[in-house]
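Open the model in your viewer and keep the selection panel at hand. The stops below say what to select and what is there.

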Amino acid sequence: MKHNYKSIGRCLRTLGVLIGMMFMPMTSAWAEDAPAPATEAAAPATEAAPAPEVAAAPAGPQPLEERLQLCAGCHNPDGNSIIPENPKLSGLDAKYLLRQLKDFKSGDRTNDIMSGIIGMVDESEFKDLAAYFNEQKRSEGVTEKPELAAQGKQIFDEGIIGSAVPACSGCHNEDGSGTNKYPRLNGQNPVYVANQLKNFKSGARKNDPKAVMQTVAKRMNDAEIEAVAEYIVTLKEAQ
Amino acid sequence: MMKTLLSICVALLLPLQAVAADAYVPKVYGKKGYVWDEMTPERVEVLRLGGDPVKGKEAFRGCRGCHKADAAGVREGVYPRLSGQHTSVLIKQITEIRAGIRLNPKMLPFVEDPAIALEEIGDIAVYLNQVESLRENGKGPEDMSAKGKKLYFANKCDTCHGKNGEGDAAKAFPVLAAQHYGYLMREMKLIETGARGNSHPDMVKAIAKFSQTDREAVADYLSRLPDYRTLAK
């Protein structure tokens, strides 16, 4: 099964790049008079859809402003992605962001879209990109499932004693603001959070140092994962 | 005071470190070559570095998920109370879990580098030795402390763990007073079977003589003792 998914992923990626090349003239025009099309263009629910536009960016190192247009397609100009599958990058620790970019580049972290996109971004740009998104203010989120979020709060604050799940608040702080070792979570898109936890659980994502997050996620079931993700979106950084 | 103590320990142990550095192979209890309280190279290094409670409070953040912000653990005893534990004991246990001498797969990923860096172990240990737990510890289901007290002294538990369950910092014998009943029961079982990995051989022998109800009584007695630090004041 896994192999099948992987090969489908590879095909999609190749396809995305090919389509992107076809659209290249159009999208570079889009990039010039840029302001907001990101949100409309990025609306589709599947992860694969936004690839064509962004795949069109020119190769080689780019100035930050140019490069940000590539990122903005999926993550919004201020890093507060409104696409449920895509993470908000705003306010994330710069070291964390840098590590993720490097891991996508090296293949230690994979994603059908990001793994293709990262090939276009030069490693020399990573530091500035990480610093830019670190400086953006994290937007607040809302839950559409308050009852589920309430269950998630219990797990986030207290953990699950029977299955040895530590409280999320221990490493990520009570308000989800993160620490110098663990990333910010507050306001993060719940679909993204749940997907990541499921990926950590299955081993599809394993770029967490010493598998700490994989260890925790393996102790959780899908219902618990979804509940905690639903609570995380409601978290607001303590003043 | 702590710093001086630590540096004396280290001064005594320096020759050992030089020998141990290349040929070090950890052994668990029950395996040939197991040496209780063997100084691992990492433990020697942690003792050499000493500890800073302010840094320790910060480094303890990641531990709060299980051991809670006041280091009280949980009443059921799934996670032990760490507040007031001797610095020497905490350093021994953390470094031995990291070295695979104390077998604790549940905790291991959370005490390995980078979750906890080597430099942070001493800081955390010094911090925990000083921190006050706000919440009460878990006691046994019924008060068996009179029976437990008799057993504790009749079996000379106090020789190592002290008249007030205060342990012995110099020998790295742990504080047991005010520990969770559930945790004490669980560890006695793990010590008996060797599954804890780093038990004192005498402790393994001693615990074998205890029936289930004797263990319950002693664990209950210890869980009802006050924090030994309150006695010194």
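Start in chain B, where two domains meet: 22 residues of domain 1 of chain B are in contact with 23 residues of domain 2 of chain B. Contact here means C-beta atoms, placed from the backbone, within 7 Å. Colour domain 1 of chain B on the side that touches domain 2 of chain B: eight residues are nonpolar, seven polar and seven charged. Nonpolar covers Ala, Val, Leu, Ile, Met, Phe, Trp, Tyr, Cys and Pro; charged covers Asp, Glu, Lys and Arg; the others, Gly among them, are polar.

**Before moving on**

This is a predicted model: local features need pLDDT of at least 70, side-chain atom pairs count only at pLDDT 80 or more, and totals for chains, interfaces and linings use all residues. Residues are numbered from 1 along each chain as its sequence is written, while chains are lettered from A and ligands numbered from 1 in the order in which they are written. Colour chain B by pLDDT, the predictor's confidence in each residue, from 0 to 100. Chain B averages 91, and 90% of its residues score at least 70. For the complex, the predictor gives an ipTM of 0.78 and a pTM of 0.79.

**Chain A**

Show chain A as a cartoon. It has 13 helices and zero strands. Helices (H or I, at least four residues) and strands (E, at least two) are DSSP runs, numbered from the N terminus. Of the 239 residues in chain A, 41% are buried. Buried means 20 or more other C-beta atoms within 10 Å of the residue's own; 12 or fewer is exposed, and in between is partly exposed, with C-beta atoms placed from the backbone.

Now pick A:Asn76, in the loop between α5 (64-75) and α6 (94-106) of chain A. Its phi is positive, about 70°, although it is not a glycine. A:Asn76 counts as buried because it has 22 C-beta neighbours inside 10 Å.

**The largest nonpolar core**

Select A:Val228, A:Ile232 and B:Leu128. Of the 51 residues in this core, these three touch the most other members. Helices of both chains each supply at least two residues, including α13 (222-232) of chain A and α7 (118-130) of chain B. A nonpolar core is a set of buried Ala, Val, Leu, Ile, Met, Phe, Trp, Tyr and Cys residues joined through C-beta atoms within 7 Å. Zoom in on A:Val228: not counting residues up to four places away in sequence, it touches A:Gly152, A:Ile155, A:Phe156 and A:Cys168.

**Where the chains touch**

The contact takes 15 residues from chain B and 16 residues from chain A. On the chain B side, α4(B) gives the most, with three residues. By class, that side of chain B has eight nonpolar, two polar and five charged residues.

**Back along chain B**

Look down the axis of α2(B). B:Arg43, B:Val44, B:Val46 and B:Leu47 are buried there. The buried residues of α2(B) fall within an arc of 160°, so they line one face of the helix. The arc is that of the directions from the helix axis to the C-beta atoms. Just after α2(B), B:Gly50 takes a positive phi of about 70°.

Next, select B:Lys68, in the loop between α4 and α5 of chain B. B:Lys68 is not a glycine, yet has a positive phi of about 70°.

Finish at B:Pro114, in the loop between α6 and α7 of chain B. The peptide bond from B:Asp113 to B:Pro114 is cis, with omega near 10°.
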